[in-house]
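Here's a quick tour for someone meeting this structure for the very first time. Have a look at the model below, then read on.

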Amino acid sequence: MKKARRIAGPVKEFRGQALRWEWHEGVVELILDHEPLNEIGTVMLGDLEKFAAAIAGLAPITGACIITSARPGGFCAGADLKELYHSGVPLPRQKRITGVRKFVQRIHGVANMIDAAPFVTIAAVHGLCMGGGLELALLCDLRVADKMARFGFPELRLGLIPGFGGIPRMRRDVGNSFIRDLLFTGRTVKAEAAQQAGLVTHLAGEGYALQVARSMAQQITKFEPETRSAAKRFIKPIPYKELREEIALFCKLFDRPEVMESLKRFVETDDPLKHLPVARKP
């Protein structure tokens, strides 16, 4: 007699090195909590992969998922630039580029799974939401922002573009002119301006983003799951082709000495303006 195939149940609670999640009454809260400000490196990525792997088990009992941060400074400061730089310094060029490509592909794999989750995802954002952090928020179906939150894509300052899926996903919700403004100027925008552009779904009072997201999540769980999931698939297509193109362009740009110089300057100096690009003669 064949043994019955074991079906893994939902992982309702998890505590990792960089995040944790908790399930209660149909809602999962995924809480980022990694010093200093939830930078996305191998530690955070490893824990996000665990959450992505748990989605299938959670889906039958989950109506909504809230992604939030326990760090007082904000939601997420973006990629772990120190790790990105130091992991590439001693390596030959080809190994460095191969390593970066594998890392970015892993992030895209996780991002696509969260993006396609059958339950509704809500980002509850406070403080800084920059670069890769904004790309993480863009995976969500809805974004609630504390009125003091700030958003930005500073990657061009390092000679790169957003590499975790930011531009293709932002195009689903906002106009190209707003994206060009963020990208080409490297400036940050306040939550109110982000709401006017369509990036933020709901504006909350200072300190109330998570409370508003919880209220929304409870409303979402009242609806029939199959219809909710079908509606999400219909109105939120995942731009797979553009995402693959983004990976290729990011890796091409990364394969330049200017980028390593910018990362070196960012990591190894105390200059308060170290994030700004070095002026170059035309």
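## A cavity and a covered strand

Searching the whole structure turns up one cavity of 30 Å³ or more. Keep in mind that this is a predicted model. The volume of the largest cavity comes to about 90 Å³.

So what lines the largest cavity? Its lining is made of Ile 40, Leu 45, Leu 48, Ile 107, Val 110, Ala 111, Gly 132, Glu 135, Leu 136, Leu 139 and Phe 164. Sorted by class, that lining has nine nonpolar residues, one polar and one charged. At least two lining residues come from each of helix 1 (42-58), helix 3 (93-115) and helix 4 (132-137).

Now over to strand 6, which spans residues 120-125. Strand 6 is largely enclosed by the rest of the structure, because six of its six residues are buried. In a regular strand, side chains alternate between the two faces of the sheet. Here both faces of strand 6 are covered: Val 120, Ile 122 and Ala 124 are buried on one side, and Thr 121, Ala 123 and Val 125 are buried on the other.

Which strands pair with strand 6? The table lists strand 4 and strand 8, with a bridge from each pairing.

| Partner of strand 6 | Direction | Bridges | One of the bridges |
|---|---|---|---|
| Strand 8 (residues 142-146) | parallel | four bridges | Arg 143 with Ala 123 |

Methods
Residues are numbered from 1 along each chain as its sequence is written. This is a predicted model: local features need pLDDT of at least 70, side-chain atom pairs count only at pLDDT 80 or more; totals for chains, interfaces and linings use all residues. Side-chain values use heavy atoms; hydrogens and water are left out. On a 1 Å grid over the protein atoms alone, a cavity is a set of points where a 1.4 Å probe fits but cannot get out, and a pocket is an open set with protein on both sides within 12 Å along at least five of seven lines; lining residues have an atom within 4 Å of a point. Grid points are joined across faces, edges and corners, and a volume is the space filled by probe spheres set on the points. Ala, Val, Leu, Ile, Met, Phe, Trp, Tyr, Cys and Pro count as nonpolar, Asp, Glu, Lys and Arg as charged, and the others, Gly among them, as polar. Buried means under 20% relative accessible area, exposed over 50%, partly exposed in between (1.4 Å probe, protein chains only). Two strands pair if DSSP finds at least two bridges between them.
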